[in-house]
Amino acid sequence: MIDAFSAITIGPVTVPNRFIRSGANEMMTRDCLPTKALLEFHRRLAAGGVGMTTLAYLAVSPDGRTFTDQGVISEASVPHYRAITEAVHAEGALISAQITHGGSFAQHKELTTRRAMSASGGIDKIGLMLGRPLQRAMTRANMDQVRDEFVTAARLAVKAGFDAVELHMGHGYLLNQFLSPLSNKRRDAYGGSTEGRARFPVEVMAAVKEAVGSNIAVLAKINLYDGVKGGATVEDAIVTARLLERAGADMLVLSGGRNIEAPWAIFSSPLPFDDFAAMKSGLFNKLQFTLLKLATPKTVRFSELYFLEAARKVRAAVSCKLGYVGGVLSLDAARRVLDEGFEAVVMARSLVHDADLVRRFRDDPAHHSACTACNRCVAVMYGPSGTHCPLTGNGIDPALNRIPAAAGRTP
């Protein structure tokens, strides 16, 4: 049996235990800069015992944002991110930067081009609500540009003191728009077969690994399946995982679901769409959440370790390190994941509910998280405090969510 509190080496870094906080949007950036609220959020997780925390969604360019205030990793933001990495390191944990491009999943009107980029052209499902009904297929030049933006972002992550970067290839963001047949209708070498659809994400992985792989760990988050008819399946995930392994990935984090087509598959539980509608203004926004509520399968019910069956198939197909995501609420469940051959236990909602959860597991092996998978933390993240658990009222002072992370520091 692998000790959940034993160290693990991922690429060139050693994580002090097997618990990793998953990259999950915190909504604690303003004017594209991280705030003191984001610093405190991750400091709490580090103090609570996680071996590594993942700072979610750092856009690799302004056009890569999913919303207006989205954090962008740039020379200007490096001092602010360094303030966060130093705070996490001071608590004894490591920190990873999830670097991402949203492609056509851009919920703002500030693009530098008339149409958002994606794997293929056609209807822009998000853009429809913003007066931007069509998206455009990326050219080779566009792919080269975005690949280089990922490389630059990874180098800036090193400069900011991050121990790892995680390339987000899941949930419907740009790299997943290539991987999924729901969004990739290309007829060139970057479409068609699973290998073709994976070609561009694999090129990005290889370029990032070559650029920074001796300095920090390079991970990728991928979908086990999209969770909707016509989407990518676990068989596709196996092919993608093998290709990313060959490209040098130090670890793959296994998730699932798509933000637009099957958000419930990400969480294995319904989302509080009524809460979303109440927090958003505008008829189109409210209509969107009503339609998503109606589309949610009535059979969706939360269960612990809900991705395990699919994840086992990827585990059997590759030898690289894998991080398991999905419904870990107890130390017993974490131990089961490790006994199944996964090297790390990756958690999000249970750590939003209680930042001290890993420490509680260490102090009391019988402790069980009280997270109910209600997903209200996903809705309230759009409020002034950013993501927190409404059941515990553990939100960070909203005032801190307006102050840049490095404010008051001596350069």
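Tutor: Start with Ser118, whose bridge partner in strand E10 is Ala137. This is a predicted model, where local features need pLDDT of at least 70, side-chain atom pairs count only at pLDDT 80 or more, and totals for chains, interfaces and linings use all residues. Residues are numbered from 1 along each chain as its sequence is written, and side-chain values use heavy atoms, with hydrogens and water left out.

Student: How do you know that E8 and E10 pair?

Tutor: Strands (DSSP runs of E, at least two residues, numbered from the N terminus) pair if DSSP finds at least two bridges between them. E8 and E10 (residues 134–137) have two bridges, in the parallel sense, so they pair by that rule.

Student: What makes E8 and E9 edge strands?

Tutor: The open sheet runs E8-E10-E9, with mixed pairing. Strands E8 (117–118) and E9 (122–123) each have a single partner strand, so one side of each has no neighbour in the sheet.

Student: Which strands close into a barrel?

Tutor: Eight of them, in the order E3-E6-E7-E11-E12-E13-E14-E15, with parallel pairing. The twist averages 25° from one strand to the next.

Student: Which residues is Ile99 in contact with?

Tutor: Contact means heavy atoms within 4.5 Å. Leaving aside neighbours within four places in sequence, the partners of Ile99 include Leu58, Val60, Phe150 and His168.

Terms used: Helices (H or I, at least four residues) and strands (E, at least two) are DSSP runs, numbered from the N terminus. Axes are lines fitted to C-alpha atoms, for helices over the stretch in contact, and angles run from 0 to 180 degrees between N-to-C directions.
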